[in-house]
Amino acid sequence: ILVGLYVEDIEAVDAVLGRIFAVLSAKDQLENTVVVVTADHGEELFDHGWVGHASTAIQAKLESEVLRVPLIVAGPGVPPGKTHDGLVQHVDLLPTLCRLLRLETPPDLDGRAVRFGRRGVSSRRDAVYFDTSTGGNLTPTERRRDRLRGVSDGRCLLVRTAVAGRPP
């Protein structure tokens, strides 16, 4: 039942995106608009015996299903129909949008612009890093200040828990 509800949510988002694209097309703005769709986290759907992303709070662990999120970019400067399985982080969104919109990229950003070309997409990242809290309504009070930190190269994932009040 839960997986079915999840699929229904995805279909509802897809329908809304379809309406947005239809309005942009009807107003002749589709060619002048950059559209970005992403998420702040993925979901476990019984992949590791858990549903949702709350395992971060309950078990203080992360799986690739929670860390891998969609990033869909459409608009001028983005060849349609190209896919890329490379590594991108949310900090890459601002420099990517600056590049696509031909705006000056602010200095000293941690992110790197994703490059879109006729041959495909390039993100030029060898690894991605994360640092997040275990906080949430299911987290025991004594663990709400813990941190989960890790690194992934897209194939391997290393996660460490930094317990609040205890040296790393």
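Me: Where in the chain is arginine 102 placed?

Reply: Arginine 102 sits in the loop between α4 (93-100) and β5 (115-117). This is a predicted model.

Me: Why does arginine 102 count as exposed?

Reply: Exposed means over 50% relative accessible area. Arginine 102 has 78% relative accessibility, so arginine 102 counts as exposed.

Me: What is the phi of arginine 102?

Reply: Phi is about 55° there. That is a positive value, although arginine 102 is not a glycine.

Me: Where does phenylalanine 46 lie, and what is its phi?

Reply: Phenylalanine 46 is in the loop between β2 (44-45) and β3 (51-52). Its phi is near 70°, again positive in a residue other than glycine.

Me: On to the sheet. In what order do its three strands come?

Reply: The order is β7-β8-β9 in an open sheet, and the pairing is antiparallel.

Me: What makes β7 and β9 edge strands?

Reply: β7 (128-133) and β9 (157-162) each pair on one side only. On average, neighbouring strands of this sheet are turned by 15° against each other, direction ignored.

Me: How do you know that β7 and β8 pair?

Reply: Pairing needs at least two bridges between the strands. β7 and β8 (residues 147-152) have six bridges, so they count as paired. The sense is antiparallel.

Me: Which residue of β8 is the bridge partner of aspartate 131?

Reply: The partner is arginine 149.

Me: What makes the contact of arginine 149 and aspartate 131 a salt bridge as well?

Reply: The cut-off is a side-chain nitrogen of Lys or Arg within 4 Å of a carboxyl oxygen of Asp or Glu. Here the N to O distance is 3.1 Å, so the pair passes. It links distant parts of the chain: arginine 149 in strand β8 and aspartate 131 in strand β7, 18 residues apart.

Me: Why are these two residues called partly exposed?

Reply: That class lies between the buried limit of 20% and the exposed limit of 50%. Arginine 149 has a relative accessible area of 40%, so it falls in between. Aspartate 131, at 43%, falls there too.

Me: Which residues are linked in a network of salt bridges?

Reply: Asp131, Arg147 and Arg149 are linked in one.

Me: How many salt bridges are counted in the structure?

Reply: The count is four. One of them joins the side chains of aspartate 92 and arginine 125, at 2.8 Å from N to O. That is within 4 Å, so the pair qualifies.

Me: Why does this pair tie together separate parts of the sequence?

Reply: Aspartate 92 lies in the loop between β4 (71-74) and α4, while arginine 125 lies in the loop between β6 (120-122) and β7, so the tied parts are 33 residues apart in sequence.

Me: Are aspartate 92 and arginine 125 buried or exposed?

Reply: Both are buried. That puts each of them under 20% relative accessible area.

Me: Which elements give two or more residues to its lining?

Reply: β4 and α4 do. α4 gives the most, with three residues. The lining residues include Val36, Leu71, Leu97 and Phe116.

Me: What makes the polar count of this lining one?

Reply: The lining has seven nonpolar, one polar and no charged residues.

Me: What lines the second largest pocket?

Reply: It has 16 lining residues, and those closest to its centre are Tyr6, Ile10, Val13, Ala39 and Pro70. α1 (2-26) and β1 (35-38) are the elements that give two or more residues. α1 gives the most, with six. By class, the lining has nine nonpolar, three polar and four charged residues. The space in this pocket is about 330 Å³.

Methods. Residues numbered from 1 in each chain as written. Predicted model: local features only at pLDDT ≥ 70, side-chain atom pairs only at ≥ 80, totals over all residues. Heavy atoms only, no water. Helix = DSSP H or I, 4+ residues; strand = E, 2+ residues; numbered from the N terminus. Axes fitted to C-alpha atoms, helices over the stretch in contact; angles between N-to-C directions. Buried < 20%, exposed > 50% of the residue type's maximum accessible area, 1.4 Å probe, protein only. 1 Å grid on protein atoms, 1.4 Å probe; cavity = no way out; pocket = protein on both sides within 12 Å on 5 of 7 lines; lining within 4 Å. Points joined across faces, edges and corners; volume = space filled by probe spheres on them. Nonpolar A, V, L, I, M, F, W, Y, C, P; charged D, E, K, R; others polar.
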